[in-house]
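Hi,

Here is the structure I promised to hand over.

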Amino acid sequence: MSSHDPSNAPVKRDAREALRAKAQQVQAQQSRRRLVQRSLMAVAGLAVIAVIAGSLVWVFSNNASQPQLAPTNVTDNGFAISSVSGVAGAGAAATLDATATPEVAATEPDAEADATAAAGESAAVDIRVYVDYLSEGSRTFQMANMSQLASWVEDGSATLTYHPVAMLSAKSNGTKYSLRAASAAACVATHSSDAFFAYTNELLTRQPAVDADGMSDKELADLAQASGVEAPKEVRACIEEGRFAAWARTATDNALEGIPGTDDLALTGTPTVLVNGEPYVGALDDPAEFAQFVMTLASDAYFRESSTPSPTPTPAS
């Protein structure tokens with residue numbers, strides 16, 4: 001006689017069906033929960049994107065409504081030196097004589113030189129220096145030629161203009177020292193132009209090593225104050241806020257495209273030194289060679305000017 005009881009089979013099938021239905025119900029609930037979670041995440045993501053987009057629109061519209069800050073006392077993105085005070089040793093150099101080359105000047109009598117001095121004074125030499133405050137070559141040129149540059153400015157034999165640029169901004173461990181120093185120099189030129197030459201000299205004298213952090217904005221402001229700037233609070237705020245950083249970047253880009261007043265020259269490195277628009281390619285650490293280059297161009301300019309025939313006066317009727 002068999003022990004199998006057929007009456008138990010429907011009960012087992014009902015139990016399995018109930019378990020299957022329960023499992024399906026749980027899966028459906030989990031699916032709905034995942035769908036709701038994904039929907040909430042999508043909504044949250046869209047909300048974040050909307051906030052970011054709104055912020056960007058506000059920033060760009062705000063920047064568009066405010067013009068880029070630019071320094072004053074500037075011409076062709078350069079600052080003319082109006083004073084060389086505050087620099088130790090400045091002014092110790094021979095006076096330029098635009099009427100003769102160095103060799104001729106050594107043999108001419110003093111009386112003749114004095115007779116032509118007045119004419120030479122009107123033919124000032126234009127010297128422009130494109131300087132990156134992290135450039136070793138810029139420091140070398142400044143240290144070698146600072147005294148005679150200052151002397152020529154003081155006696156009126158030359159005009160001197162510095163053009164701060166930022167070609168080495170990537171060479172300071174991410175601090176963009178080159179850009180910040182150029183901006184700081186523009187702050188000094190704007191708010192205390194008489195101290196600009198002294199500040200430029202200090203920046204190059206205390207130049208940090210390439211690939212070092214360089215001075216902080218506070219230290220740049222401290223150095224400006226030590227250079228004898230007027231309105232030190234305004235200069236400090238300008239430097240620490242980096243007000244002219246965008247201008248310095250634009251000035252660098254413009255110089256890389258072309259230098260005004262030259263025959264299609266463009267900035268390729270620093271220092272780039274131009275005398276009456278002609279680039280100096282001699283030794284940066286040899287002030288005698290640079291002085292001879294300047295005197296030669298001054299002499300050429302003077303003789304070209306003096307050889308121009310004067311217009312014949314029209315006889316009076």
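**Salt bridges**

Let's start with Arg 206, which is exposed, with a relative accessible area of 51%. (Buried means under 20% relative accessible area, exposed over 50%, and partly exposed in between, with a 1.4 Å probe and protein chains only.) Before going on, please keep in mind that this is a predicted model, in which local features need pLDDT of at least 70, side-chain atom pairs count only at pLDDT 80 or more, and totals for chains, interfaces and linings use all residues. Residues are numbered from 1 along each chain as its sequence is written, and side-chain values use heavy atoms, with hydrogens and water left out.

Which side chain does Arg 206 meet in a salt bridge? The partner is Glu 202, at 2.8 Å from N to O, and Glu 202 is partly exposed at 22%. A salt bridge here means a side-chain nitrogen of Lys or Arg within 4 Å of a carboxyl oxygen of Asp or Glu. By this rule the count is 8 salt bridges.

Another one links Glu 234 and Arg 243, with 2.8 Å between the closest N and O atoms. Glu 234 is partly exposed, with 34% relative accessibility, and Arg 243 is partly exposed too, with 24%.

Then there is Arg 236, whose side chain meets that of Glu 240 in a salt bridge of 3.2 Å, N to O. Both lie in helix H8 (residues 232-240), 4 residues apart, which is about one turn of the helix. Salt bridges with shared partners join Lys 218, Asp 222, Arg 236 and Glu 240 into one network.

Two strands count as paired if DSSP finds at least two bridges between them. S4 (residues 272-275) and S5 pair in the antiparallel sense over 2 bridges, and Leu 274 has Pro 279 in S5 as its bridge partner.

**Loops worth a click**

The peptide bond from Thr 270 to Pro 271 is cis, with omega near 0 degrees. Asp 264 is found in that loop between H9 and S4 as well. Its phi is near 60 degrees, a positive value in a residue other than glycine, and Asp 264 is exposed at 80%.

Asn 173 also has a positive phi without being glycine, near 55 degrees. You'll find Asn 173 in the loop between strand S3 (158-164) and helix H5 (177-191), and with 54% relative accessibility it counts as exposed.

Finally, Ala 283 lies in the loop between S5 and helix H10 (287-306) and is partly exposed, at 28%. How far apart are Ala 283 and Phe 141 in sequence and in space? They are 142 residues apart in sequence and 8.6 Å apart in space, C-alpha to C-alpha.

Happy browsing!
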